[in-house]
Amino acid sequence: MYLAKFFHRPPGDDDRELLLIPGGDPMLIGIHMRETGDDFLRDEFSNIRDAVAAFHRHTGDLVAAGYMETTHTRYTLRNLLPDPQPKPEWQKGLDDLMLAALSAPLTEQARLLALLADTQAAHEPLYLWLAAHHGMAGDGQQDRTLRFAEQARDTLASRRAGKIPHYTWSIAESDLEGWIFEVISEGHLYADDPAAALAAIEQAWEVAPNQQRGIQRATILCEHFPDRQDEAFDLAYKWSSHGGYEAIMARPAYAQYVARRKSKPKANKGWHWTAKQPVSEAEVRAAEAQLGADLPMDYRNFLTTFGKAQLAIRLPDESSDFCFFGAAELAQQRQNLFDFIVRTEPDPANAAAYFRTQYGVSLRDLVPIAEPAQESRCLVIHLGKGDRFGWCFQWDHDGAWELEQATPSFDATLKALTDGIARRDKVTLGFLGVYLD
């Protein structure tokens, strides 16, 4: 997480950024808003409380020196011109509330929540999550806390659907959404509704997977869904080296799981389907309407048979999940991919021309349909008309302008992936997030 404030002082040749990086060893960086982006400040702290205090202090010093805090939030920004605007007071208040959630006692958080309750801030998903987070930590009013969290979830979803802006400071929307679902999961556990708690933590895991969410998911599965405990053991087996799974691994059934897994013959295919959620023909047609394009018949059949599903890769010593998106997610996934590819290109037409020349595809018609869990890569399908309609490619964010493993149909792609797993092909497994020695 990065928390950035930007400061402008005319004529703008010495604008500044203050960047706070929370974590185990918090860091505060002051950056000149120039092409060189050189630092005027770089301090490390042993705790977040001191880091936040320094952040406030340097903010005050800049304002006292005649700088105006601006509305900018993107922490990689290096130019505030041509027309910086002052940040509204309610947004500054939300910033302070976020900093308090990281560093201040619950009483101070409550004071700031109350100050913002009658302002525009109180309608923002960030405020609603912070209110829920505060309630979960301290006031014991769990019903009220869950209502705040669910309101944050619904507000974020409605703003996104309506393309209505919302203020998250410089926090990634996926981070905020994951935090919201975490609190919802905790609230449902407190209310003795493990099914809803599991659904919420799985949403958090899907939006922004991390170690703590994996542990929470595994714990709920073991304690409330014994018929699904192998899913919890899968997580512990893969991620135990990072810590936190000791209670899961101490269960007698875990040792039996490991023994079963180790005893599987090398000829075992190494994959199976889980979590199938097939969709109706009506849902497929709705997805096509959103996309403004037809889906190839083989992929349509997959959606109505498997839908949002996972291809579980389970080898004796390694595992991963290849997660297929639901039909309703495709349009947003397409936009996300396009935005990432052109993020550093001033003229998107240049990127479109490159993909057309290099790969014979329309950049705007490349749609991610699946991704390996916790990997920044995906399988894309091309929906543009022409001889490459329905072709699939592998894409990785480290080579954003590259498409690999071109395959002429979805069915052929799926067969190549499953055959590659069965053969223990290192290239296939590497794409799926399984790395063999």
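Which residue's side chain meets that of E375 in a salt bridge? The partner is R377, at 3.4 Å from N to O.

The model is predicted: local features need pLDDT of at least 70, side-chain atom pairs count only at pLDDT 80 or more, and totals for chains, interfaces and linings use all residues. Residues are numbered from 1 along each chain as its sequence is written, and side-chain values use heavy atoms, with hydrogens and water left out.

**View 1. Salt bridge between E375 and R377.** A salt bridge is a side-chain nitrogen of Lys or Arg within 4 Å of a carboxyl oxygen of Asp or Glu. E375 is partly exposed at 22% relative accessible area, whereas R377 is buried at 14% (buried, under 20%; exposed, over 50%; partly exposed, in between; 1.4 Å probe, protein chains only).

**View 2. Salt bridge between K87 and D95.** The closest N and O atoms are 2.8 Å apart. K87 is buried at 3% relative accessibility, and D95 is buried at 0%. Both residues belong to a salt-bridge network that also links K5 and E69.

View 3. Strands (E, at least two residues) are DSSP runs numbered from the N terminus, and two strands pair if DSSP finds at least two bridges between them.

**View 4. Pairing of strands 8 and 9.** Strand 8 (residues 319-324) and strand 9 (residues 366-372) are antiparallel over 3 bridges. F324 stands opposite A370 in strand 9.

Terms used
Helices (H or I, at least four residues) and strands (E, at least two) are DSSP runs, numbered from the N terminus.
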